[in-house]
Amino acid sequence: MWRPSGGFALATLLLAGNRFAPGIFLGAFVTGISFGNTLFIATAIALGNTFEIVCGCWLLTRWLNFDVALGRLRDFILLAFVVAPLMALVSAAIDTGTLIMTGVIDSKLWGVMAVHGWMVELLGIVLLTPLILTWQQLTDNWLKPKRLAEVILIFGLTFLTGQVIFLDWFHDFVGQYANGLMMFLLLSVVAIRLGLRGVSLALIMTASQALLSANHGIGYFGNHDAPTQANNVCANFCIYMLILSVVGTSLATYINGKNQLVKALRESESRFRALSNNTSVLVWMSGTDARCTYFNAVWLDFIGSTLERELDIGKTEAVHPDDYPLCLATYEHAFNGQQAFSMEYRLRRHDGEYRWILDHGVPRYDDEGTFLGYIGSCIDITQRKAAADEIEQLAFYDPLTGLPNRRLLQDRLKLALAASQRRGRQGALLFIDMDNFKTLNDTLGHDMGDLLLQQVAQRLESCLREGDTVARLGGDEFVVMLEGLSEHAIEAAAQTELIGHKILTLLNQPYRLVTHAHHSTPSIGATLFNDHEQSVDDLLKQADIAMYQAKASGRNALRFFDPHMQISIDARVAMEADLRQALAENQFSLHYQPQVYHNDRVIGAEVLLRFHHPQRGLVFPADFVPLAEETGLILPIGKWVLETVCAQLKRWEDDVDTRHLQLAVNVSAKQFRQADFVDQVIQILRHSAINPERLKLELTETVVIDNIGDTILKMNALREIGVHFSMDDFGTGYSSLAYLTQLPLDQLKIDQSFIRNISVKPSDSVIVQTIIGMAKNLGMEVIAEGVETEIKRAFLEQHGCPAYQGYLFSKAVPIEQFESLLKSTEELTRTINI
């Protein structure tokens, strides 16, 4: 009646693969022969059975993603309701067709036989395949004492129920209540307690009991109205067992899936707790009501609390009171929008110390997208914030005084400019420079200088209003930025002046530098601002200019920025750039003003520097030499002058009319004070190969008197090789006669300021006569500059001054005109001599 070979064969291919297909064919063939079938019938049926099994296995494994563990309900549904019916249909069609073709059965019975075969084959697959697939895996530990007793009890009751239903046990006692539905109740218990393996085994046991009932004509399948109708009995058996197996297996599979899900959730939770409790991260979770539902052990250890207490009070108690409002607002905003968030706040540690925490929270959802609450992870960032604060301190604050540095001041000034324009109120900058600070460093040392700067910073901070800024730019320079002054410039200037004088008074107080009492004064420059279009650099420049105006006024003063001073400085900056370009592009030239002896013979010339500006034309020394001296450009310019003069003297050596000429070159203070000045001059003289006697260096009294010892050494060194020296502008300084006797001077040049008034101012006449007499007594030559009239020349000649220089003879002219003048003078002299 029932041959469950199809279910066994399908389980074999699912577990071991198609390599066992020949064995299935051979088994089916041998079975057919053993039933007395002919060779053809046995072969055809065996091929049909094999084809059925291979097709079913292919459908399950290649197309339906079938899991042989039957861990999902869908796997059993695919097997029982899709693949098994198709397989049974193929087998029934082939088997019945073969029997009809060979005449074993009447074709009229084809439908009945096909249905019978389909049901029998379907039942074999549904019952036996799950049994093999589940029992080939590791079984539950049914041998444990408690578990074994339960297994024996459940299977005992199932067996007993089957005996009562199918084999009429206790028929007299049970009577009509022995209903087949009772087996569904027992099978449900088996599914719940013993799972899919227990159900599979119980189904086989029940099927065996039902077969015995049908074969013996007793019990549930033996007491029908027409017991002789074997086909009806078979159909009833198959339908009953199919329904029983589907119900039991589906229930077991469903329960198994739920158990696996619960197990997976427990394992996931266990892993989560193990992970969260064995990390340095503080973890918390909240539910849909925003209240915390979990804290990991790291959190509890961090704050020194228990889970029960934390769940009762939440985490708000440990958050710093100053951070709590913002913390709560951030969390509620994110929670209401179900958004991720990050925030920093201070959390109290178990030892009472507040530590900075970075808290990152994300919403949680289940598989269906239902919001479950939040999970958050927190890390201690105290050290990171300390490092960041230190970096910010180094980047934006002065390490000596702790005040904002230039960079931070510029940032704040940009904001102040915008705020001033927006509010319509004035602001001000005070640029403060400590007077004679370098002297303090040089005398008491830099440590004392640093101590003074620290005390200055403290005093500045103490006298400022809230919202004002004091910064250190570097060295002894400080800047105070005032905001929120009056809307009117005059009133704002008055407010600034009041604060400035307060600073002056405070910084004038004595400073205690360890054991030294030191007095220092500031020079303060001020400028107002109220326009956001003003640049930060321009404002600082204006305050700086005003500060230098304060220094120029005598120091220890406050001055406001004068726009006219800015114009002068801009012109000065432009001139400096022009000078650098002039040096590179050879825009300098030399003019020569004759120096004439009393017999009208030219004995030499003073060389004067001229600057040919591309736009401004000829620029005289008074307009650019002081700037060149200040910027240091005078050094390369002065060297160029010496080189050019020596080259000209070299060219004159071959001409009898010019070889006797001596050229006088003015030497600046900065140039003369160079340590290698003497070496430079000697090198130039050697390179040009001229007679050093033809070169005369003019020095002012200021250059000579400053560091007299160094001056004497340099002058002697050059005098020894033949270079001559003249003291320029003599009489305008404060030369000491003692110094004059020590200096290797060859000539004194009377300043033109005395020559200009010798005919109208008796005192100047006396000074000129005195200088001439002094020069003669010291054995020096004397020459007068600024001789513009014959009367002046005659006066000088009358009183013993034999050499002159001035417009009476010629102004300073280029070399071509000077040489032309020389020729005309020589021709005139020859004519007079003739």
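Reply: A disulfide is taken here as a pair of cysteine sulfur atoms within 2.5 Å. The model is a predicted one, in which local features need pLDDT of at least 70 and side-chain atom pairs count only at pLDDT 80 or more, while totals for chains, interfaces and linings use all residues. Residues are numbered from 1 along each chain as its sequence is written, and side-chain values use heavy atoms, with hydrogens and water left out.

By the disulfide rule, the count is zero. For Cys-55, which is in no disulfide, the nearest cysteine sulfur is that of Cys-57, 10 Å away. Cys-55 has a relative accessible area of 27% and is therefore partly exposed; buried means under 20%, exposed over 50%, and partly exposed in between, with a 1.4 Å probe and protein chains only. Cys-292 is likewise in no disulfide, and the sulfur of Cys-378 is the nearest to it, at 9.4 Å. With a relative accessible area of 15%, Cys-292 is buried.

Helices (H or I, at least four residues) and strands (E, at least two) are DSSP runs numbered from the N terminus, and two strands pair if DSSP finds at least two bridges between them. Asp-433 has Glu-477 in β8 as its bridge partner.

Contact means heavy atoms within 4.5 Å; axes are lines fitted to C-alpha atoms, for helices over the stretch in contact, and angles run from 0 to 180 degrees between N-to-C directions.

Which residues does Leu-453 contact, leaving aside its neighbours within four places in sequence? They are Leu-400, Thr-401, Phe-437, Arg-472, Gly-475, Asp-476 and Phe-478. Leu-453 lies in helix α16 (residues 446-462) and is buried, at 1% relative accessible area. Between Leu-453 and Arg-74, 379 residues apart in sequence, the C-alpha to C-alpha distance is 84 Å.

Other strands form hairpins. Strands β3 (residues 341-348) and β4 (residues 354-365) pair in the antiparallel sense over eight bridges, and Tyr-345 is bridged to Ile-357 in β4. Their hairpin has five residues between the strands, and Gly-352 takes a positive phi near 95° there. β4 also pairs with β5 (residues 371-380), in the antiparallel sense and over nine bridges; the partner of Arg-364 in β5 is Gly-373. Five residues separate β4 and β5 in their hairpin, where Gly-369 in the turn has a positive phi of about 85°.

The setting also includes nonpolar cores. A nonpolar core is a set of buried Ala, Val, Leu, Ile, Met, Phe, Trp, Tyr and Cys residues joined through side-chain atoms within 4.5 Å. The largest core has 75 residues, of which Leu-697, Leu-796 and Phe-818 touch the most other members. Helix α21 (residues 634-652) supplies the largest share of this core, eight residues. A second, separate core has 58 residues, including Leu-10, Leu-13, Ala-202 and Leu-211. Beyond four places in sequence, the contacts of Leu-697 include Leu-642, Val-665, Phe-677 and Phe-725.

Thr-658 is found in the loop between α21 and β16 (662-666). Thr-658 counts as buried, at 7% relative accessibility, and touches Trp-652 and Leu-822 when residues up to four places away in sequence are not counted.
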